[in-house]
Amino acid sequence: MLLSRRTLLLAPPAAGLAARTAAAAGPMKVGFVYVSPIGDAGWSFQHELGRRAVDAALGSAVKTVYVENVEEGADAERVIRKLASDGNELIFATSFGYMNPTLKVAQQFPKIRFEHATGYKRAANVATYSARFYEGRYVAGMIAARMSKTGIMGDVAAFPIPEVVQGINAFTLGARSVNPKAQVKVVWTSSWFDPGKERAAADVLIAQGADVITHHTDSTAIAQVGEEKGVFTVAYNSDMAKYGPKTCLTAVTHVWGDYYVGRVKAAMAGTWTSGDTWGGFKDGMVKLAPYNAAVPDAVRQEAAAKIAQIADGSLKPFQGPIMDQSGKPKVAAGAAMSDKEIAEMKWFVEGVQGKI
Amino acid sequence: MHDAAMLLAVLVATLRAATPLVLAGLGELVAERAGVLNLGLEGMMLVGAVTGFIAAVATGNLAWGLLAAMLAGAAMAAAFAFLTLGLRANQVATGLALTIFGVGFSALVGNSYQSQPIQGLATTLFPELSTAGPLLQQVLLIDPLVWLSLVAPVLVHRFLYRSRAGLILRAVGESHDVAHAFGYHVIRIRVLATLFGGAMSGLAGAYLSLAYTPMWTENMVAGRGWIALALVVFSTWKPGWLVVGAWLFGFVTIAGFQAEALGLSVSPQLLATLPYLSTIIVLVLISRDRVRLKLNAPAALGKPFNPAA
């Protein structure tokens with residue numbers, strides 16, 4: 001009896017990450033961990049849309065669960081371990097600060113596959129993924145410059161980390177690709193989420209002549225201020241058209257659904273492998289939200305063309321010549337920045353008014 | 001002309017940023033003057049913000065929203081008063097619990113309201129706003145609650161120092177036993193002061209959700225309750241200094257944004273610390289006289305009153 005039970009337990013292939021076995025019959029369980037409440041817009045909301053896409057695409061073949069508002073750190077480790085021991089076979093940890101907790105739990109559960117968003121540490125059963133948000137920013141900057149009368153745009157940003165700096169630089173480069181004199185004023189709020197502060201920052205930028213405002217923060221405050229004051233905005237994370245029906249031009253949004261569906265399918269088929277995915281327009285991971293009625297047809301077509309060029313690789317947002325703020329050449333004409341250089345970006349391009 | 005407009009913009013933005021701090025701080029100041037230390041400001045502001053928002057959406061009338069917010073804040077304060085003044089629970093622990101409760105409760109009831117866009121106070125009162133010139137816009141954006149934040153400190157000051165009721169309230173905060181011996185109803189006075197504090201916190205929350213950033217999102221108060229609480233102590237329980245502290249805090253924040261937007265080369269980390277740093281320094285300078293601080297601090301602050309003793 002004991003022997004046969006042991007044989008039974010040994011029966012599934014020892015190679016943990018091979019195809020699913022009889023032991024895992026029934027729907028495949030997939031877990032998601034979110035850093036903030038799902039809410040109605042924002043970073044975690046976009047991941048939740050991805051989870052819903054998995055449900056929609058795979059129906060009864062999967063059973064997805066999520067835990068929201070999980071603080072980075074010790075709490076995250078507890079939640080991820082709980083999901084692992086609950087029989088989830090694939091776990092998406094969707095915030096940068098989950099990196100070490102995810103790796104730690106992954107070590108203890110070698111048969112479970114983990115996916116960590118925006119991180120850089122991997123293991124045999126831990127893959128990483130992120131999106132080239134800056135591609136969307138580049139096109140958004142171009143649209144903003146086309147809609148701006150003053151040529152001055154404002155950016156309300158949270159913290160000067162590379163991901164945010166990339167966005168500001170790409171927005172500026174996009175703007176200057178159609179208006180070489182365009183200026184982007186940067187104001188830091190030192191908080192990912194403080195609607196009041198974001199509002200005050202936008203007020204200041206508008207008072208200083210900025211007539212298109214974008215942001216890299218998690219609330220919908222910017223779209224609302226724009227609507228109140230009749231100033232155009234470009235939203236981030238999620239479509240915020242309903243907060244700025246007359247003024248929110250578009251939004252740079254993250255779309256995780258296709259990636260999640262693909263990864264879950266791969267895990268089901270046993271073809272899942274660890275690695276790093278950094279997708280952009282080409283992979284459908286970054287999209288621009290539907291344009292506001294205020295955006296003229298010519299600009300829409302121009303944007304569509306740029307998106308197509310970025311997707312097929314003929315246009316790279318960080319292609320030389322690029323100068324830094326002081327006008328010193330940083331990337332030579334004809335050269336383009338490598339992924340590593342982009343990922344570590346800590347300087348502003350010419351046209352940005354602000355300090356890191 | 002351009003400079004004048006810019007200066008005006010900074011001043012107006014300062015007043016607006018300071019409004020929730022002034023309103024919530026004044027309420028807490030009155031409560032503390034009566035000897036009640038309520039650390040639940042953040043929670044009361046959040047519940048006020050969400051209740052005001054829901055009421056405004058449901059009735060389509062912002063005035064009802066503001067009223068509901070004040071009632072909600074007062075209801076939270078009533079729970080606090082019942083526990084600390086009625087059952088003599090520890091005020092610090094109860095206040096913290098009130099904040100934790102407020103954070104969770106507001107998130108729960110506000111969950112389905114997160115997506116609702118709403119017209120804010122300024123645009124409702126002045127619908128022609130978005131077509132007005134920038135200068136006019138700035139002035140018009142001073143909504144009634146900002147005006148209230150200018151008038152309320154004067155009224156509170158007059159009440160505390162120029163009225164008999166204020167004198168009694170301060171007496172209760174100084175020594176409840178003596179006040180009791182004089183025949184004043186200590187508990188009733190403290191309950192009323194606590195309720196006032198709750199209503200003001202609720203109003204401050206509603207200012208955020210109905211006027212400053214007309215929307216509801218979880219945790220949108222973002223720590224302002226704690227700042228208001230600190231301002232009360234640093235202002236040595238004086239309404240005038242409280243307002244100065246709130247304005248200073250707002251001004252340094254706005255001026256920092258202004259400097260960044262102008263392209264001045266200042267470290268963003270330093271600018272982010274400056275509002276806290278400068279407010280602390282100024283208010284510490286105000287209160288550096290230990291004797292005066294001791295004279296101003298309500299002596300019975302946070303102490304339970306036991307009439308039988």
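In this predicted model, the crossing of helices α2(B) and α3(B) is right-handed. Helix α2 of chain B spans residues 41-59 and helix α3 of chain B spans residues 62-86, and the two pack at an angle of about 145 degrees with their axes 7 Å apart. On the α2(B) side, the residues that meet α3(B) include G43(B), V47(B), G48(B), G52(B) and A56(B), while the α3(B) residues that they meet include L62(B), W64(B), G65(B), A69(B), G73(B) and M76(B). Sorted by class, this contact of α2(B) with α3(B) has eleven nonpolar and seven polar residues, and no charged residues.

**The interface of chain B and chain A**

The contact between the two chains takes 38 residues from chain B and 36 residues from chain A. The area buried between chain B and chain A is about 3,000 Å², and carbon and sulfur atoms give 60% of that area. Within chain B, the residues that lose the most area to chain A are M215(B), F257(B) and A261(B), which together account for 19% of what that side buries.

Polar interactions also cross this interface, where the rule finds eight residue pairs in polar contact, both residues being at pLDDT 80 or more. The elements of chain B that give two or more residues to the side that touches chain A are α1 (2-33), α6 (134-140), α10 (186-212), α12 (239-261) and α13 (268-286). Of these, α12(B) gives the most, with six residues. The residues on the side of chain B that touches chain A divide into 18 nonpolar, 16 polar and four charged.

**Salt bridges between and within chains**

The table gives one pair that joins R16(B) to D203(A) and one pair that joins E77(A) to K104(A).

| Salt bridge | Distance between the closest N and O atoms |
|---|---|
| R16(B) with D203(A) | 2.9 Å |
| E77(A) with K104(A) | 3.5 Å |

Methods: Residues are numbered from 1 along each chain as its sequence is written. Chains are lettered from A and ligands numbered from 1 in the order in which they are written. This is a predicted model: local features need pLDDT of at least 70, side-chain atom pairs count only at pLDDT 80 or more; totals for chains, interfaces and linings use all residues. Side-chain values use heavy atoms; hydrogens and water are left out. Axes are lines fitted to C-alpha atoms, for helices over the stretch in contact, and angles run from 0 to 180 degrees between N-to-C directions. Helices (H or I, at least four residues) and strands (E, at least two) are DSSP runs, numbered from the N terminus. A crossing is left-handed if the near helix is turned anticlockwise from the far one by less than a right angle, and right-handed if clockwise. Contact means heavy atoms within 4.5 Å. Ala, Val, Leu, Ile, Met, Phe, Trp, Tyr, Cys and Pro count as nonpolar, Asp, Glu, Lys and Arg as charged, and the others, Gly among them, as polar. Buried area is the accessible area (1.4 Å probe) that two parts lose on being put together, summed over both. A salt bridge is a side-chain nitrogen of Lys or Arg within 4 Å of a carboxyl oxygen of Asp or Glu. A polar contact is a pair of N or O atoms within 3.5 Å; within protein, one must be able to donate a hydrogen and the other to accept it, and residues adjacent in sequence count only if both atoms are side-chain atoms.
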